[in-house]
Amino acid sequence: MTDIAIRNALVLDGTGNPAMEADIGIEGDRITQVGDVGPAKQEINANGLHVSPGFIDTHSHDDGAFFRHPGMAFKLAQGVTTVVAGNCGFSAIPADPNLDSARASGGILAGVAGEFTDLDGYFEAVAKGNPAINNMMLVGHNTVRTLALGYEKRSPTSAEMTKMKDHVRTAFDQGACGFSTGLIYRPGRWSETEEVIELAALANPYNALYTTHMRNEGDGLLEAVDETLRIGTEGNIHVHISHHKSAGRANWGKIRQSLDKVDAALAKGQRITLDVYPYTAGSGRMIEYFNLDNINRDLAEVIRIASCPAFRDYEGKMAVDIATAENADVTQIIHKILTAPKGDRTLCIHFIIDEADVETNLAHKDMMVGSDGIPDLNGQPHPRLFGTFPRVLGHYVRERGILSLPEAVRRMTSLSAETFGMTDRGQVKPGYFADLVMFDPESIIDTATYDDPKQEPAGINLVMVNGRIALQDGQHTRAGSGKMLRFRK
Ligand SMILES: [Zn+2]
């Protein structure tokens, strides 16, 4: 007999098809029927709500959060059932127990005492905590480079290159879905394009991805897109551009030219996809955005402090307001924070993106949704950590009409699952894993704001992960049914 029947649902199957009335039958961790379902041990009445595949967050930094917060409430409450971690060149793996893992992972593993060195070990360690959602991993360039040559501002020797390649190949052998770079960050920013091509090309025999936080997202955006397309062509690999944006007022609107380059390459047969977060502010480690000898005033003026171990009372405040209160210049405030003890752990939010560019991005057919949320629950994090997916469906689909509901769901589910090689996920279809979200398209909305960011969204009634109910009517059930996913394409 069927374990669970979800009845009276409007099913969005994830492929872009319009919603259709159907029941969904589930046995164990899989969907067994979509249509008429006989008697079941457990009945769930959807009462006409929509049911779609669980959302896939293609851009997460949750590698360490799986240890710190295995309940992953900030993702689950958004309807997210799977994340891709290891983005922007920083990944939990590989890890060298003799090195500072927090540094090699770009802070992702700060405070997490890992016993693992590779993906198999990491997955085993995460699974012990019974995580609420599924995890697929990338292997990060900054991390492997730090393991091979530390923070040296030079190209790797051939021995170091061999070491880096061994790490990347091992990760692919164990099921990583791609190789990620963060070419604005240290130490990735010191690498030549040729180094990246050589490493990214290792994805080819696995049919895996190259994902990138490009070398420049502002004045040099178009050149950075050219570099990315070249890496894809010369490495003969699928490239995925992370959090596509045009940063800084002087560059607003350039997103159109950037997408034109992508479209021209797509027309020539190159494999390219992208993701975006639905907000006009970025967020990250503040030390990476400033030169201490010459603090950029334009940037300082749009900085908000998210998390600041040195000055907790600055959290949630704009740097300009702190400067006014302390009768100081805004550049002095940035300098003071970054040079204080633990100042390098400061996370900031920077208002650098144009709203029109967010909409242009979301209108592109190969644009997925990635939160880029940084799961530091101390301080006042960027609201994207809690609000990304409901914000797309509530604000950009319902209120703004930028894309249709079935299309938005496709780009949060089947497109992401296919691209990132998640077997039997991303569709409501017999034989597929029962990762499902039940929501009301008329009321779904993010409630997290910059002033009050740790708020779970509204309009999501139920989330199921691998056939187990993980969230129902606002209650996290702690079913712990998430799985560690290995790439297969
Ligand atoms: Zn990034």
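Guide: Residues are numbered from 1 along each chain as its sequence is written. In this predicted model, local features need pLDDT of at least 70, side-chain atom pairs count only at pLDDT 80 or more, totals for chains, interfaces and linings use all residues, and side-chain values use heavy atoms, without hydrogens and water.

Visitor: Why is E315 called buried?

Guide: Buried means under 20% relative accessible area, exposed over 50%, partly exposed in between (1.4 Å probe, protein chains only). E315 has 16% relative accessibility, so it counts as buried.

Visitor: Where is E315 found?

Guide: E315 is in the loop between β14 and α11 (319–325). Helices (H or I, at least four residues) and strands (E, at least two) are DSSP runs, numbered from the N terminus.

Visitor: What makes a polar contact between the side chains of E315 and R312?

Guide: A polar contact is a pair of N or O atoms within 3.5 Å; within protein, one must be able to donate a hydrogen and the other to accept it, and residues adjacent in sequence count only if both atoms are side-chain atoms. The E315 and R312 side chains make one at 2.4 Å.

Visitor: How do you know that β14 and β15 pair?

Guide: Two strands pair if DSSP finds at least two bridges between them. β14 and β15 (residues 347–351) have four bridges, in the antiparallel sense. S307 stands opposite L347 in β15.

Visitor: What joins β2 to β3?

Guide: Five bridges join β2 (residues 20–27) to β3 (residues 30–35), and the two strands run antiparallel. I26 has I31 in β3 as its bridge partner.
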